[in-house]
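The sequence and structure come next.

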Amino acid sequence: MTEINSELKHIEELRQLLQQASYAYYVLDAPIMEDAIYDQLYRELYELETNYPELLTPDSPTQRVGEKPATHFTSVRHHIPLYSLENAFNLEELQRWDKRWRRQAPNIPNIIDGVEYVAELKIDGSALALTYENGVLVRGVTRGDGVVGEDITQNVRTIRSIPLKLHFAGSKSFNRVEVRGEAFLPLEVFKQINAEREKSGESLFANPRNAASGTLRQLDSRIVAQRRLDFFAYTLHISGMDDASIANTQWEALELLATMGFPVNPNHKLCGSMAEVAAYYQYWDTERLTLPYMTDGVVVKLNPFKLQEHLGFTQKFPRWAIALKYPAEEAPTRVENISVNVGRTGALTPLAEMRPVELAGTTVSRATLHNSDRIVQLDIRIGDTVIVRKAGEIIPEVVRVLPELRPGDAQPFIMPTHCPVCGQPVVRESGEAVTRCVNASCPAILKGEIEHWVSRDALDIKGLGEKLVYQLVDRGLVGSVADLYDLTESDVCALARMGKKSAEKLIKAIAQSKNQPWSRVLYGLGIRHVGNVNAQLLTQKYSTVEKLATAKQSEIAGIYGIGAEIAQSVYQWFRIDPNQLLITRLQSAGLQLATREETKTVTQVNSQLAGKILVITGTLPTLTRDEAKELIQTAGGKITNSVSKKTDYLLVGEDAGSKLAKAEALGIPQLTESQLLEILQT
């Protein structure tokens with residue numbers, strides 16, 4: 001016992017010293033010891049904990065290295081909802097927010113008059129909610145939908161700027177401390193990761209935000225540890241004692257977060273007026289480009305917690321805070337060519353092929369021009385200098401042309417009159433902006449149709465990716481989705497990079513897709529405007545393909561959730577001769593073009609569910625979604641995808657999302673799987 005007590009004391013000393021060194025290095029950027037000494041002390045602690053495993057604790061510095069890969073993430077409900085922020089896109093909108101909260105605020109003497117604001121840089125990363133009990137980190141959760149997130153504690157422990165144990169001396173007396181903040185990738189680290197991925201032939205991350213989000217959801221925390229994520233804390237909630245005795249304002253909370261050992265962005269500012277907030281925003285509009293991380297705006301918060309409490313929240317946002325966003329990053333570049341892409345529906349989309357330019361952390365060389373109307377509106381020509389930006393910071397688009405820089409040999413672009421892939425005439429229907437190829441045999445359309453057919457929400461044929469689809473079409477092995485079911489192993493073996501085992505697996509996957517339900521087959525047909533949810537609604541009403549094919553357009557339009565546009569599209573599709581032939585071939589191949597036998601007719605309707613509208617959210621304990629839907633439909637119930645006032649019940653699983661919050665707000669009854677099964681048995 002004396003030996004263990006002695007080692008325990010030494011272990012605690014080593015942990016404290018290593019924690020201080022990590023805090024100084026990762027948070028303060030002011031190292032207090034050389035790397036070699038840190039490594040030596042770390043090794044000594046690791047060996048002691050190995051020899052005395054009963055003395056190992058989760059807040060030890062050795063627990064940051066990452067554990068064995070997880071099989072999945074558990075969904076958990078946030079103790080305090082992690083709300084998103086309302087956005088303002090200019091100073092005028094910020095002023096309107098300021099006037100609005102003042103109208104909504106109660107008359108609180110000495111608070112509203114002369115109220116202060118805290119302005120903080122909005123870090124472009126991934127939000128985290130951290131929970132500490134008795135001063136020790138016990139849980140790290142993603143934002144999710146703000147109500148339910150994913151437990152990624154194993155990954156959070158690898159972020160070295162997040163303390164495993166709070167530094168503040170009084171932290172142990174707190175029952176619970178909840179900290180919200182942003183995990184992000186420094187720009188230099190992001191560039192290094194992409195350089196390494198390029199060398200190894202892996203696809204590159206689009207931007208630091210996506211890289212951070214993807215990293216946090218890695219099942220192998222050792223990979224997370226290698227990515228070197230960083231963190232800034234910005235929100236503090238304390239339970240177990242009077243918050244007011246600790247912090248009365250957001251400014252004081254930021255100071256306390258730093259005292260507890262969290263990195264807090266040093267560029268926050270206490271502002272006494274909207275004019276000061278505006279000056280802060282304008283200053284960082286240009287200065288943010290010098291920062292070692294990405295920021296896309298400024299978060300403005302009312303400083304007094306008492307005022308925040310009185311103002312409260314809307315269904316989506318806190319009334320006492322707003323995100324003032326900077327305009328999407330724009331950059332000039334030159335249009336070197338304009339090409340045309342042909343999609344699955346035959347839509348021709350013009351694309352500007354540009355001189356590569358850095359934009360929002362990524363290299364952009366192509367941007368959509370949408371359609372011929374947009375080209376005319378822009379008056380864009382090959383050779384023009386254009387301003388390009390990322391719409392929603394994701395999709396590159398051309399904003400405007402700089403005609404003053406137009407060269408004399410700039411070439412106007414005219415939308416082709418024939419499909420650039422198959423050469424057949426294209427059409428533009430009255431009232432539509434889109435030009436389409438209407439040749440059903442067009443290789444571009446065919447490739448898109450097959451990619452859609454094999455996708456996860458349709459027939460879900462694993463192993464049949466884009467490159468393989470292109471080979472099958474280009475070699476003439478597949479002329480429609482029905483031809484997939486005539487393929488042999490020898491056909492597949494003849495393709496590039498396909499051996500015997502790969503061919504066997506693919507043929508098996510194609511055969512297994514014959515068991516997919518009628519709703520998936522209908523979705524896979526790629527009928528315009530028919531998504532997977534609409535396909536489910538249609539197959540609930542029409543249990544066989546024959547019934548749907550012979551249905552009147554007005555009857556289809558009368559289905560709850562199906563409108564006139566979808567009904568017209570479905571009705572017309574089944575009246576095209578090649579489509580009728582396709583259905584015949586799919587039936588001959590053995591695909592499911594009718595619901596399962598028990599759902600073809602509802603002979604025993606459950607009185608509690610008959611005619612009721614249900615929505616499913618989350619992962620059910622034993623039933624798949626398809627199984628649950630079939631049981632509900634058998635009992636006479638209907639399934640829709642979105643919660644509304646017409647919804648009668650919400651079937652709730654473990655991974656419940658925003659639908660649950662909406663149902664609660666509307667007072668819609670909830671059912672668990674066990675309750676559903678109990679109802680079905682009555």
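How many disulfides does the structure hold? The structure holds zero disulfides, a disulfide being a pair of cysteine sulfur atoms within 2.5 Å. The model is predicted, so local features need pLDDT of at least 70 and side-chain atom pairs count only at pLDDT 80 or more, while totals for chains, interfaces and linings use all residues. Residues are numbered from 1 along each chain as its sequence is written, and side-chain values use heavy atoms, with hydrogens and water left out.

**Cysteines**

For C419, the closest cysteine sulfur belongs to C422, and the distance of 3.7 Å is too far for a bond. C419 is buried at 4% relative accessibility, where buried means under 20% relative accessible area, exposed over 50% and partly exposed in between (1.4 Å probe, protein chains only). C271 is also buried, with a relative accessible area of 1%.

**Aromatic rings**

A pair of aromatic rings is described by the distance of the centres and the angle of the planes. Ten aromatic pairs turn up in a search of the whole structure. Rings of Phe, Tyr and Trp (its six-membered ring) pair if their centres lie within 6.5 Å; planes under 30 degrees apart count as stacked, over 60 as edge-to-face and the rest as tilted. The pair of F232 and Y293 is edge-to-face because the planes stand at 75°, with the ring centres 5.5 Å apart. This pair links distant parts of the chain, 61 residues apart: F232 is in strand β8 (residues 230-239), and Y293 is in the loop between α9 (274-287) and β10 (295-302). Helices (H or I, at least four residues) and strands (E, at least two) are DSSP runs, numbered from the N terminus. Both F232 and Y293 are buried.

F313 and W320 make another edge-to-face pair, with 6.0 Å from centre to centre and 75° between the planes. Is W320 buried or exposed? W320 is buried, at a relative accessible area of 15%, whereas F313 is partly exposed at 37%. Together with Y83, these two residues form one aromatic cluster.

Charged side chains also sit over rings. The criterion is that NZ of Lys or CZ of Arg is within 6 Å of the ring centre and within 35 degrees of the ring normal. K447 lies over the face of Y470, 4.4 Å from the ring centre, and R575 lies over the face of Y571, at 3.7 Å.

**Strands around β13**

Two strands pair if DSSP finds at least two bridges between them. Strand β13 (residues 347-359) is antiparallel to β12 (residues 330-342), to β14 (residues 362-368) and to β20 (residues 435-437). The table gives the bridges and one facing residue pair for each.

| Strands | Bridges | Facing residues |
|---|---|---|
| β12 and β13 | seven | N341 and T349 |
| β13 and β14 | six | E353 and R366 |
| β13 and β20 | two | A347 and R436 |

The hairpin of β12 and β13 has four residues between the strands, and G346 there takes a positive phi near 90°.

**The open parallel sheet**

In what order do the strands of the open sheet run? The four strands have the order β22-β21-β23-β24, with parallel pairing. At the edges stand β22 (638-639) and β24 (670-671), each with a single partner strand, so one side of each has no neighbour in the sheet. Strand β21 (residues 613-617) pairs with β22 over two bridges in the parallel sense, and L614 stands opposite I639 in β22. Helix α24 (residues 658-666) lies across β21, β23 (649-652) and β24, and runs at about 145° to β23. For such packing, contact means heavy atoms within 4.5 Å; axes are lines fitted to C-alpha atoms, for helices over the stretch in contact, and angles run from 0 to 180 degrees between N-to-C directions.

R228 is not a glycine, yet has a positive phi of about 60°. R228 is found in the loop between α7 (221-227) and β8 and is partly exposed, with a relative accessible area of 41%. D379, also a residue other than glycine, has a positive phi near 55°. D379 lies in the loop between α11 (372-378) and β15 (381-382), and its relative accessible area of 35% makes D379 partly exposed.
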